[in-house]
Amino acid sequence: MTTASTTPSPVRTGSRAPRNGRWSAFAHLVNARMRELQREPEVIFWVFVFPLLLALGLGVAFRNKPADMTSIAIAAGPHAPEVLGLIERSPQKSSIRATVLDPQEARKGFRLGKYDLVVEADGKGSFQYLYDPARPESVLSKSELDDALQIAAGRKDPLTTSAVVSSEPGSRYIDFLIPGLIGMNVMNSGMWSIGFALVDMRQRKLLKRFVATPLRKSDFLLALACSRLVLMAIEVGLLLSFGVFVFHLRVLGSVLSIVLLATIGAIAFASLGLLTASRAQKIESVSGLINLVMMPMWIFSGVFFSYERFPAIVQPFIKALPLTALNDALRATILEGAPLASQAGRLLILLLWGGISFTAAMRWFRWT
């Protein structure tokens, strides 16, 4: 009987087990995050489609169109025809739509917003205007109707004036709006996507598993923040192209400068989102915190209207907000062609917000 003997395989000397590189964990996390986004079709709508629909709706609502007609109500009475006659003889007759109504009906229509102004003649050569100083259209109607009646009654202006209409690209509301929507979208998607992703992973106990790995906290947080950059490039490109091709937006600045500004803004808001969600345990908690952080910027940072309307005492606070800095930088680059060198102050604000938020998130973040 022979005994089989096993000869051990020769050990290879000098061979080493493959080792991951310094940034391999970071790269895998970014790749995993992008794969997760592919499985969430609602992201496509909220990140890409919704901003386009918002731009389209507001662009159509505030599109260039003929001036609205002044709608006034004339209180019925024996002298109402006198008012109508003066309006018919005035140069502004084509822009004034007058309706004769019972005084009570005229006041009711004015109160409900059907008419901008109520006028009543007393028969002694004087007229009484009922208008609301809090309604801009009512104030304008009062001025326009008074000019019409005065000119029709024989008033001669001592000065000769002329008006030039300007509605070229760059001076329209849609030109102001598109850069603001880009900034708002960068903020919304950065904070919501990062905050929700972090808290969702904490609720599903996924963060606990990373504790037993050599993964650095900085790599994990940086991967979440940088995963936004790919989507940011797409959404900024879509919004900007939409404005150019649909509303004939004129882009005077460098596309590279716009991308760089949006990238710095995306990193700043992603870092702010990390800070907001660093300790939150529930989706409801992080929703309230994110809304609390973003609400002042929605209101004050000049997305839909200029922040110059606010009192001078709050202007320094408004200009220190990251969304204000991003919107101002985007508008200066897109509409004025301003170089990046002139945006140093705004870039510094964004970098400070991003750096301080990421450092604080590193300090306060907990895996559990």
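Me: Ground rule first: helices (H or I, at least four residues) and strands (E, at least two) are DSSP runs, numbered from the N terminus. With that, how many helices and strands does the chain have?

Reply: The chain has 14 helices and 4 strands. Keep in mind that this is a predicted model.

Me: How much of the chain is buried?

Reply: Of its 368 residues, 39% count as buried. The accessible surface is about 21,300 Å², and carbon and sulfur atoms hold 61% of that.

Me: And what share of the contacts comes from residues 24 or more positions apart?

Reply: They make up 76%, counting contacts with a separation of 6 or more.

Me: On to the sheet. In what order do the strands sit?

Reply: S2-S1-S3-S4, in an open sheet with mixed pairing. On average, neighbouring strands are turned by 25 degrees against each other, direction ignored.

Me: S1 and S3: parallel or antiparallel?

Reply: Parallel. S1 (residues 70-75) and S3 (residues 117-121) share 3 bridges. Ile 72 has Leu 117 of S3 as its bridge partner, and Ala 73 has Val 118.

Me: What about S3 with S4?

Reply: Those two run antiparallel, joined by 4 bridges. One of the pairs is Ala 121 with Phe 127 of S4. The hairpin has 5 residues between the strands, and Gly 123 there takes a positive phi near 85 degrees.

Me: Is S3 mostly covered or open?

Reply: Mostly covered. In S3, 4 of the 5 residues are buried.

Me: Which helices pack on the sheet?

Reply: Helix H3 (residues 80-89) does, touching S1, S2, S3 and S4, with its direction at about 150 degrees to that of S1. Helix H4 (residues 103-111) lies across S1, S2, S3 and S4 as well, at about 155 degrees to S3.

Me: Switching to cores. Which residues touch the most other members of the largest nonpolar core?

Reply: Ile 182, Leu 198, Phe 220, Phe 269 and Leu 274, out of 62 residues. Helix H6 (residues 173-203) gives the largest share, 13 residues. A separate core has 15 residues, among them Leu 86, Ile 96, Ala 121 and Leu 145.

Me: What does Ile 182 contact beyond its sequence neighbours?

Reply: Val 236, Leu 239, Leu 240, Leu 330 and Ile 334, once neighbours within four places are set aside.

Me: How far does H6 reach, end to end?

Reply: From first C-alpha to last, H6 reaches 43 Å over 31 residues, close to the 45 Å expected at 1.5 Å a residue. H6 is also mostly covered, with 25 of its 31 residues buried.

Me: What follows H6?

Reply: Lys 205 does, with a positive phi near 65 degrees. Lys 205 belongs to the loop between H6 and helix H7 (206-211).

Me: Why flag that phi?

Reply: Because most residues other than glycine have a negative phi. Lys 205 is not a glycine, yet its phi is positive.

Me: How accessible is Lys 205?

Reply: Lys 205 has a relative accessible area of 47%, so it is partly exposed. The exposed class starts over 50%.

Me: What is phi for His 248, and where is that residue?

Reply: His 248 has a positive phi near 55 degrees, and it too is not a glycine. His 248 sits in the loop between H9 and helix H10 (255-276). At 55% relative accessibility, His 248 counts as exposed.

Note on methods: Residues are numbered from 1 along each chain as its sequence is written. This is a predicted model: local features need pLDDT of at least 70, side-chain atom pairs count only at pLDDT 80 or more; totals for chains, interfaces and linings use all residues. Side-chain values use heavy atoms; hydrogens and water are left out. Two strands pair if DSSP finds at least two bridges between them. Axes are lines fitted to C-alpha atoms, for helices over the stretch in contact, and angles run from 0 to 180 degrees between N-to-C directions. Contact means heavy atoms within 4.5 Å. A nonpolar core is a set of buried Ala, Val, Leu, Ile, Met, Phe, Trp, Tyr and Cys residues joined through side-chain atoms within 4.5 Å. Buried means under 20% relative accessible area, exposed over 50%, partly exposed in between (1.4 Å probe, protein chains only). Accessible areas come from the Shrake-Rupley method with a 1.4 Å probe; for residues, only the protein chains shown count as cover. The expected span of a helix is 1.5 Å times one less than its number of residues.
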